[in-house]
Amino acid sequence: MNTLVRRAVLSLTIVAFLLTPLSAEDWFRWRGPNLDGISSESDWDCDWPEGKAVIAWRASVGIGYSSVVIADGRVFTIGHVDGHDVVHAIHESDGTIAWRFQYPATLDDRDFEGGPTSTPTVDGEQVYVLSRAGELFCLNVGTGESIWQQSVAEQADVRLPGWGCSAAPLVVGDRLLVNLGAAGAVVDKKTGELIWSSEDRESGYATPVVMPDSNPPAAIFASGKAYVAVEIETGRQLWSERWLTSFNCNAADPIISERRMFLSSGYNRGAALFELGKEAPKLIWKSKEMKNQIHGSILYEGCLYGLDGDMEAGARLRCMDWKTGEVRWSEDDLQPGGMTLAGGRLILLTESGELLVAPADAEVWRPIAETKVVEGKCWTGPVLSNGRIYVRSIQGELVCIDCRS
Amino acid sequence: MPIQRRTFLAGTAAAAAAVSAPAIHAAAKSKQYRTALIGAGWWGMNILREALAAGQTKVVALADVDSDRLEINAEEVNDLSGETPAVYSDYRELFEKEDIEVAIIATPDHWHALNTIAAINAGAHVFIEKPTGHTIGESQAILNASEMSDRVVQVGMHRRIGPHHVSGMKFLKSGGAGEVGMVRMFVHSRGGEEKPTRNSEPPENLDWEMYCGPAPLRPYCGRIHPGGFRNYLGFANGTLGDWGVHWLDQVLWWCDQQSPRSVYSVGGRPIKGEAVLTEKEQTTDAPDHQIATYQFDDFTAHWEHRRFAGKGPEQTSIGCYFFGTKGTFHMGWRDGWTFYPADEKKSIIHEDSQLQEPDGHNIKLLWADFLQAIETGSKPVAGIEIGHQATTLSLLGMLSLKLGRSIQWDGNTIPDDPDAARLLRRDYRGDWVYPS
């Protein structure tokens, strides 16, 4: 980009920023309304005297890693309780239960604490839930009644990935995109009818991502061995970028910006930036310095903020330059559990339940607020919506922190 | 957890690799050894990276039964060195087609003997991961093959050269702990009940028949591969056959390679539960805890591991205690070594570890020693005799556990006890021939 264009883009960005309403917004799907892990809300407060935040309410939602989504005054998440996965709809205002919906499920705690790992998706009057066993549930958002349910894994006749399905279902028009098989599956969101599916291979764990400006519309699915671009309407494969990792664990959503695609996986795979065109992606750089094992990074103002390395051993919080892959800074001792970004501030949840807030600064990590909010291990990213921060532990304590100014 | 804040300024952390140029510019040395890695998994690649970083390695070939591992690791070798190795699913074909000067063996234990002997016969110097066999006869066969050749064999026991091990051993051997009458080796971790894993078809990228190789063929499940073989007794020997080799070797080092007279071991799976192996599902079958007692002439050593309850009140979960008249010496891992004087008025003495992270090892030093042995004819610090003896002690513990009684040991074999001696080897499957 030449300087003139860059300046023009910059001023447009500033104008856009100034025009962005600072009001509250519903975080109604995985990685938020803009699918980038970023909330545009800036009018929230982290002035926590003596490290004590205002806890609006606490709720027990069962074992699992499911994140929360928020729509029309309700908070949705999933947790495992006594042989069932339970979808909870909780009133945003006071933490009381609006409804619950449950389906039989095993805890399946091989190699981790078990429980559901995917996050519900709200779409108007419906909430969609994908179980680890590959069953899809379409529920009435107001009542929790089942509208339809289908086992996509059975319909598509594809195997489950090793740790079960963990991607959030993604709504695109009338279609519901599900990460199952070698290159995803798509069902009719009104009926659950399978429209197309892909070859019987292990899927990855990342949520599908729509390719901006693609015509016809296309999405990228993380399989166990590749990131694959397919036409949403037909399932026709456009390209496949081979991306092998131990345990077929491609869990970070690809990040696409200005015809560039960022991929990252853990287990010593590392990261790479590609140029997207009509043909297969073209490698720009690759690096071992950002290994997103479970959580996708967040791209903000030209920098990636992400968790590098093995979560169990202690991941590093890093800031990496998008264009070059250069590590701008690295915080090695935080033991992070998850992260989000809202109004230019990073909100980091540590594995042991401390919440830290720091400006998203490419030069330095400098927290401005810190509070301990929950006991027990946390590996689910926090969410900010309508001035409230949501944090959950694996054991299922969900905490709502009131940050409204 | 206390939160520590540490910030690296921009530019101090490593930058990304440019696509066009290799990331590591190896130190220029005259001799480049044509190197093959057999068993291209997590640990094998750890060794190979150190070999590349040392600057005298040209990786010409990788062998593995998992084509995904071959692909991803060939890519990494290319990233690191700018050269793409040939890949083989069968190590025999590799040794037939390639001219190999150095072989790194990092397969599961049940393959070590066949791989290593093939490498020696192909004229390669060998860096072999411990243990040196799945049964004692295999380890003996590697020793025999090595003695009949002029090739260097280094066993991956980096604790023989790790700085805090060297200084700790100097402290012990110079009488720092007084006269030592008892040693306890231990490795503890957390854990609980194990639920069976469903068997499944092996993934398309895995040659399961070749993975099992000389070992009994068992149904595949995702827990075994990648990375799970140690807890299946057909392929390895559990915690004693893994960590045990390192800590037994520390005892052997300290006592100048004495041999125990008898070994007795008990253990089981009260927490993990009975081992399961059906057509539908399976569990691991290694013991979840084990105690093994080694009776030496002048002292007793005992091994203890448990995979539940965590580290316990002592705040250390791994290492050796040498109990002496002057106090207790702890040889640890990441926590270095510490001497606790019996006289409580005296100060505790401590030395930190100096390890390579993230995996906490000293392969860099061990590899340098290996190269030196090849180039100068010096004796490798963890040569095959040393590896063989430590491996043998760990396998004697397993043998006693399986037999359910104590066994005698004369330094070479189990005398006058054919039932026990039979377990020094096992029958191989199919056409594979047990080495001698």
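User: Which domains is chain B divided into?
Analyst: Chain B is divided into domain 1, residues 33-159, and domain 2, residues 163-358 + 383-424, with bounds that come from an automatic or database domain assignment. This is a predicted model, in which local features need pLDDT of at least 70 and side-chain atom pairs count only at pLDDT 80 or more, while totals for chains, interfaces and linings use all residues. Residues are numbered from 1 along each chain as its sequence is written, and chains are lettered from A and ligands numbered from 1 in the order in which they are written.

User: How many residues of domain 1 of chain B are in contact with domain 2 of chain B?
Analyst: On the domain 1 side of chain B there are 30 residues, in contact with 33 residues of domain 2 of chain B, where a contact requires C-beta atoms, placed from the backbone, within 7 Å. The C-alpha centres of the two domains of chain B lie 24 Å apart.

User: And which element gives the most to that side of domain 1 of chain B?
Analyst: Helix 5 of chain B does, with six residues. Helix 2 (67-81), helix 5 (136-147) and strand 7 (153-155) of chain B each supply at least two residues of the side of domain 1 that touches domain 2; helices (H or I, at least four residues) and strands (E, at least two) are DSSP runs, numbered from the N terminus.

User: Switching to helix 8 of chain B, how many of its residues are buried?
Analyst: In helix 8 of chain B, 12 of its 12 residues are buried, among them Trp243(B), His246(B), Asp249(B) and Trp254(B). A residue is buried if 20 or more other C-beta atoms lie within 10 Å of its own, exposed if 12 or fewer, and partly exposed in between, with C-beta atoms placed from the backbone.

User: What do those buried residues of helix 8 of chain B pack against?
Analyst: They pack against several elements of chain B, including helix 6 (163-173), strand 8 (180-188), strand 15 (327-331) and helix 10 (384-403). Helix 8 of chain B is followed by Asp256(B), whose phi is positive, near 55 degrees.

User: Where are Gln315(B) and Gln335(A) found?
Analyst: Gln315(B) is in the loop between strand 13 (300-306) and strand 14 (318-324) of chain B, and its phi is near 65 degrees, a positive value in a residue other than glycine. Gln335(A) is in the loop between strand 26 (327-331) and strand 27 (336-342) of chain A, with a positive phi near 50 degrees.

User: Why does Gln315(B) count as exposed, and why does Gln335(A) count as partly exposed?
Analyst: Gln315(B) counts as exposed because it has 7 C-beta neighbours inside 10 Å, whereas Gln335(A) counts as partly exposed because it has 18.

User: Which residues does a cis peptide bond with omega of about -5 degrees join?
Analyst: That cis bond joins Lys130(B) and Pro131(B), and Pro131(B) is found in the loop between strand 6 (125-128) and helix 5 of chain B. Another cis peptide bond, with omega about 15 degrees, joins Glu357(B) and Pro358(B).

Notes. Two residues are in contact if their C-beta atoms, placed from the backbone, lie within 7 Å.
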